[in-house]
Amino acid sequence: MKDIYSQHFIIPCYETDGAQLLKPASFMDFAQEAANRHADILGFGYDDLSRTRTLWVLSRMHVRFRRHPKWREEVNLDTWHKGPSMMFYLRDFLMTDADGSTLVEATSSWLVIDVDTRRIVRGADSPMDEGTARKVDVMAEPCGKVQMPKGASPEFVADHRVSYSDVDLNGHTNNAMYIVWAMDALDYDVTSVRPLKELKVNFNHETRPGEAVSIFRMKSEEGESLRYIVEGVCGERQAFCAELVF
């Protein structure tokens, strides 16, 4: 079906962690590529938008890991777009195993921006054909706002300078790299033994090569769960803010 794009593949070793489980940032990479390919098929992909000096930017994403895929495991990744919602364009993802059981489910919110002005393109200038939308929700609600709690005193972790490995074809930090930074900001004795259950992230301001991003974190315990808020600040602007639950 044209309204659903599917990819079948085997989880490679270089996309897994020390426990041989799919890394959260690797899921972001897979999802991003599937979204790009589907948009190309539907006529509003990277090349189509380039002709009008616009581009897609991922703004928010909510990912729920039912079970992390393992190295060498065969998986299927489905994606479909759901049309506009206020200023955003919504797209869902569903990764399943060989038996069809859910591994990972996600919903994402995208913006179209003008390449030259970096401003949001809205309304009548939309590149999307709503007739190709599939109104099926993987999650009941789009990803909401993620922020540090008011009055919190987050712990400074490190400064990260945006470098070659961070930058994508749009000339700014790729969305998956913010998840790499967020995971690396946490204690290894947590991330190495406790698979991530849920991830919410807001991408609030782009960062570019040479810029320094200060990483902060805050930890809380809720029963048997650990919850972290990780934010990156560049100058006076928040580049990203992520909520991670283990």
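Two strands count as paired if DSSP finds at least two bridges between them. Strands themselves are DSSP runs of E with at least two residues, and helices are runs of H or I with at least four residues, both numbered from the N terminus. By this criterion, strand β9 (residues 225–234) and strand β10 (residues 237–245) run antiparallel and are joined by eight bridges. Val230 has Ala242 in β10 as its bridge partner.

The structure is a predicted model, in which local features need pLDDT of at least 70 and side-chain atom pairs count only at pLDDT 80 or more, while totals for chains, interfaces and linings use all residues. Residues are numbered from 1 along each chain as its sequence is written, and side-chain values use heavy atoms, with hydrogens and water left out.

**The sheet**

The open sheet has 10 strands in the order β1-β3-β4-β5-β2-β7-β10-β9-β8-β6, with antiparallel pairing. Strands β1 (5–10) and β6 (155–161) stand at the edges with a single partner strand each, so one side of each lacks a neighbour in the sheet. From one strand to the next, the twist averages 20°.

Strand β2 is mostly covered, with nine of its 12 residues buried (under 20% relative accessible area, against over 50% for exposed and partly exposed in between; 1.4 Å probe, protein chains only).

| Strand pair | Bridges | Sense |
|---|---|---|
| β2 and β5 | 11 bridges | antiparallel |
| β2 and β7 | five bridges | antiparallel |
| β9 and β10 | eight bridges | antiparallel |

Val57 stands opposite Leu111 in β5, and Val63 has Leu199 in β7 as its bridge partner.

**The helices**

Helix α3 lies across β2, β6, β7, β8 (212–222), β9 and β10, and runs at about 65° to β10. Axes are lines fitted to C-alpha atoms, for helices over the stretch in contact, and angles run from 0 to 180 degrees between N-to-C directions.

Helix α1 (residues 24–42) and helix α3 (residues 175–184) pack at an angle of about 175°, with their axes 8 Å apart. The two helices are therefore roughly antiparallel to each other, a term for angles over 145 degrees. In this contact (heavy atoms within 4.5 Å), Pro24, Ala25, Met28, Asp29 and Gln32 of α1 meet Asn175, Ala176, Ile179, Val180 and Met183 of α3. These residues comprise seven nonpolar, two polar and one charged; Ala, Val, Leu, Ile, Met, Phe, Trp, Tyr, Cys and Pro count as nonpolar, Asp, Glu, Lys and Arg as charged, and the others, Gly among them, as polar.

Key. Parallel < 35°, antiparallel > 145°, perpendicular 65-115°, else oblique.
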